[in-house]
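Please look through the structure shown below. The text after it goes through ring pairs, then a helix, then the nonpolar cores.

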Amino acid sequence: MLTEKKKEFIEFMMESDVLRFGDFVTKSGRNTPYFVNTGNFKTGKQIATLGKFYAALINEKTGQDFDCMFGPAYKGIPLATAAAAALYNEYGTDKPYFFNRKEEKDHGEGGSLVGYKPKDSDRVIIIEDVITAGTAVRETMPILKGAADVKVTDMFISVNRCEFGQNPEKTTITEIMEDFGINIHAIITVQDIYEYLKQDGSYSEILPKMEDYMSRYCVL
């Protein structure tokens with residue numbers, strides 16, 4: 001259901017030029033009429049606001065029932081940082097966070113992880129932007145498991161595109177949940193975006209393209 005909070009987030013993304021409409025190609029090679037690029041968040045106000053949205057969802061879904069937060073390079077780094085700060089400022093939840101380098105450091109302390117050093121049995125939550133094909137998650141899990149015997153319990157994303165993965169009858173998110181036992185939570189879904197455009201009334205050209213895309217690639 002499209003709530004006022006979800007409307008607020010959609011409008012925030014559009015105002016920040018993060019949610020755009022047109023003709024795009026996703027990482028998985030699908031032509032799409034909408035695109036989400038969290039790399040376009042670029043001001044202090046924007047990242048602080050984004051952190052609050054993530055923190056609200058994390059607080060709602062897990063409370064303080066986790067040990068640390070991980071932001072996969074590169075886009076997950078500012079997301080995890082902003083979420084960690086907002087969790088403390090808004091809810092008094094002070095949790096460590098860490099992220100990875102794309103290339104392992106060969107001097108100083110070395111290694112590929114920056115920030116908190118995970119320990120065996122730590123419950124980790126991942127902070128990401130969007131899941132389409134699930135490639136990034138499958139690349140992230142070996143990094144985390146290689147650092148310590150951690151348990152990845154939950155993942156928080158901006159948008160659930162609701163697209164099918166390797167199995168056309170299941171969304172990528174369902175596959176990831178089944179493969180890795182991770183609960184995935186999104187601030188909004190593609191259905192929310194569609195409902196917003198429909199209610200707004202000024203996106204008559206985009207709506208048919210959204211409907212076609214969703215009928216081709218989404219499991220709703």
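**Aromatic pairs and their surroundings**

There are eleven aromatic pairs in the structure. Rings of Phe, Tyr and Trp (its six-membered ring) pair if their centres lie within 6.5 Å; planes under 30 degrees apart count as stacked, over 60 as edge-to-face and the rest as tilted. The ring centres of Phe-12 and Phe-53 are 5.8 Å apart and their planes stand at 25°, so this pair is stacked. Phe-12 belongs to helix H1 and Phe-53 to helix H2, 41 residues apart, and the pair thus links distant parts of the chain. Phe-12 and Phe-53 are both buried, where buried means under 20% relative accessible area, exposed over 50% and partly exposed in between (1.4 Å probe, protein chains only). Ring pairs also join Phe-9, Phe-12, Phe-41 and Phe-53 into a cluster.

This is a predicted model, in which local features need pLDDT of at least 70 and side-chain atom pairs count only at pLDDT 80 or more, while totals for chains, interfaces and linings use all residues. Residues are numbered from 1 along each chain as its sequence is written, and side-chain values use heavy atoms, with hydrogens and water left out.

Helix H1 covers residues 4-15; helices (H or I, at least four residues) and strands (E, at least two) are DSSP runs, numbered from the N terminus. From its first C-alpha to its last, H1 reaches 16 Å, close to the 16 Å expected at 1.5 Å a residue, the expected span being 1.5 Å times one less than the number of residues. Its buried residues are Phe-9, Ile-10, Phe-12 and Met-13. Seen down the axis of H1, these fall within an arc of 160°, so they line one face of the helix; the arc is that of the directions from the helix axis to the C-beta atoms. The face turned away from the buried side carries the exposed residues Glu-4 and Glu-15. Just after H1, Asp-17 takes a positive phi of about 60°.

The largest nonpolar core has 45 residues, and Met-13, Ile-58, Met-69, Ile-127, Ile-193 and Met-210 touch the most other members. Such a core is a set of buried Ala, Val, Leu, Ile, Met, Phe, Trp, Tyr and Cys residues joined through side-chain atoms within 4.5 Å. Not counting residues up to four places away in sequence, Ile-193 touches residues including Ile-10, Tyr-34 and Met-210, contact meaning heavy atoms within 4.5 Å. A second, separate core of 20 residues includes Leu-113, Val-124, Ile-173 and Ile-182.
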